[in-house]
Every structure is written in structure tokens, then in C-alpha cells.
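Please read them with the structure open.

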Amino acid sequence: MAKTITICFTNNKGGSGKSTTCSNLGAAMSRAGKKVLLVDGDMQLNLSLAVFPEDWVLEHAQGEKNLYHAIGKQEDLTDYIVHTPYESLDLIPSSTLMSSIEYELFTKWQREFILKKCIQKIKDSGVYDYILIDAPPTLGGWVMNILCASDKVIIPVEASPWGMFGLANMFEFLGEVKQIAPDLEVAGIVVTKVDTRKNYFKQTMETLHQLDNIHVFDNLIRVDSTIEWSQDNSIPVVEYKKSSRSAKEYTELAREVMDYVSR
Ligand SMILES: Nc1ncnc2c1ncn2[C@@H]1O[C@H](COP(=O)(O)OP(=O)(O)O)[C@@H](O)[C@H]1O
Ligand SMILES: [Mg+2]
């Protein structure tokens, strides 16, 4: 039985492409024959919205069967899994109450490891090849939980002037987390929302390649309105328009990430 690899997507900067990358990589991996579980760790519900329509997402976000309630009760997450309309792609939905998860964690024993404990049975079962966790744009106790529950972390970075702002804080935080989760590995940076016509993009790439000991994935994700249309329709772009540039880019990136994390 192959080992399940858990990858989270974090960056304290909002709008860097975390949810877009998490959902589309997951969908591309499942299309490549892998069994994938998406875990929506953000109150913005974007990962859930990537695979289900708004009515469905809000109903689940306001109900009991979501990540927030599982964490509150410290329950095994197996019962919280739902099948998406796509083969081999499952989801644990999020809740609008996720905004108060930090308070929920505060009084708990070993509070950094609650998600790790709740997800352990699913990992041990080996049912999934990949578990992908989408994180909110913060650096607190909940994101620490997400990192402690993960084997690898991918940092999506927007190729824009402010895209790299705050990256140093992110790396400092990762350094702290590694003290309590020494096996956590930074897989690397995925550069998103790239406009190759802009000179600024070249500068972003030069700066990123100069960072010490940080891998930058070769496959870039360019700006493409098909992504926005696919999200508007709650369908991953690799399913929405298979022939689109973004579908091809996410398919290639999924191949690269799968090779890289299992090397
Ligand atoms: N490659 C892309 N081309 C066009 N728009 C994109 C692309 N990637 C992300 N977006 C848009 O940028 C916004 C932020 O992306 P998102 O994945 O939600 O970032 P985060 O989860 O880091 O906050 C969303 O509105 C999304 O539709
Ligand atoms: Mg997001």
C-alpha cells in the first residue's frame, strides 16, 4: 500500500493562488488516476466552492458535518468526507465558523496537533494517494495545525510587486513550526498569476531563484480568465475546459509536484 502524502498550501498573503492551486492540483492529480482528498481549512470556503455550487457549500458550512465541528469535538475526520462530482476526488468541507477556530484551539491540550490527530486514521488507511489542505492567509495556531498535519508545504506566490511582500515572515514562521514538526518539508514555491509580457515577472523569478535552499517549481501558472469562469461555475479548470492553457498548466504542474514530493 502506497503511503499517503499530505500537502498544504500556505502563504500569509491573501490572493496568492492558494485555493486555486490546491483545488486544481487536486483535480489534476485525480484525473491522473490518483485518489485525492481536499481539506478546506479556510472560512472563505473557496476550496469547497471550487467543486460544489454555492448553495451546497453554504448548507454544509452552516451544518454540523464540517471541519470546524470535527476539530471542536476532536473527532476522526473519516465521517466528514464527502464525494465530489469528480471521480477519485473527495472533500472535507469548511465552515463559516472557522473564523473562531483560534479560540476553539486555545484551551486544548497539545493544541498544535489537533488536526494531525483527527486526520491520522485517514492517513493510516492508505485510501488516498494525496491529501491537500487549503490554508487561510494567516500565520497563527490554526495554520500551525495545518502545517503539523502535513508532510509537505507548497507556497503559492503571485508574480506581482506585492506578491513577495511578507514571504520572509512566512519562512520565519515555518522555521518555528519545524521545531515542533521536524519532518515537515518545504516542497517549494509555485509562481501563479504570471503575465510573461511584463518585465516585473522576470524580476520576480530572479528574486525567487536567489532565495537560499528554496525550490521553485518549473511549471508556472499564467493569468487566465478561464480560471475565473471555472470558479464561477464551481468546476475545476481541468474539468471545465480541458483544452485551456490553465488546464494544461495545472496538469503539468501536478505531474511535476507528484514527481518532486515522492522522490
Ligand atoms: N492563474 C490565474 N488567472 C486568473 N485569475 C486567477 C489565477 N489564479 C487565481 N486567480 C484569481 O485570483 C484570486 C485569488 O486566488 P485564490 O486562489 O483565491 O488565492 P488565495 O487562496 O491565496 O487567497 C481569485 O479571485 C482567483 O479567481
Ligand atoms: Mg484561499
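1. A residue is called buried if 20 or more other C-beta atoms lie within 10 Å of its own, exposed if 12 or fewer, and partly exposed in between, with C-beta atoms placed from the backbone. By this count Leu45 is buried, because 23 other C-beta atoms lie within 10 Å.

2. The model is predicted: local features need pLDDT of at least 70 and side-chain atom pairs pLDDT 80 or more, while totals for chains, interfaces and linings use all residues. Residues are numbered from 1 along each chain as its sequence is written, and chains are lettered from A and ligands numbered from 1 in the order in which they are written.

3. Helices (H or I, at least four residues) and strands (E, at least two) are DSSP runs, numbered from the N terminus. Leu45 sits in the loop between strand S2 (36-40) and helix H2 (46-49). Its phi is positive, about 65 degrees, although Leu45 is not a glycine. Gln110, in the loop between helix H5 (101-106) and helix H6 (114-125), also has a positive phi, near 50 degrees. Gln110 counts as exposed, because it has 10 C-beta neighbours inside 10 Å. Most residues other than glycine have a negative phi.

4. Seven strands form an open sheet with mixed pairing, in the order S3-S4-S2-S5-S1-S6-S7; strands pair if DSSP finds at least two bridges between them. Strand S3 (82-83) and strand S7 (185-192) are at the edges with a single partner strand each, so one side of each lacks a neighbour in the sheet. S1 (residues 5-9) and S6 (residues 152-158) are parallel, paired over three bridges. Ile7 has Lys152 in S6 as its bridge partner.

5. Helix H12 (residues 245-261) packs on the sheet and touches S1, S6 and S7; contact requires C-beta atoms, placed from the backbone, within 7 Å. The direction of H12 makes about 165 degrees with that of S7 (axes are lines fitted to C-alpha atoms, for helices over the stretch in contact, and angles run from 0 to 180 degrees between N-to-C directions). Its buried residues, among them Tyr250, Leu253 and Val257, pack against H1, S7, H10 and helix H11 (237-240).

6. Asp183 is in the loop between helix H8 (167-180) and S7. Asp183 is exposed, because it has 9 C-beta neighbours inside 10 Å. Asp183 and Ser244 are 61 residues apart in sequence, and their C-alpha atoms are 37 Å apart in space.

Note on methods: Contact = placed C-beta atoms within 7 Å.
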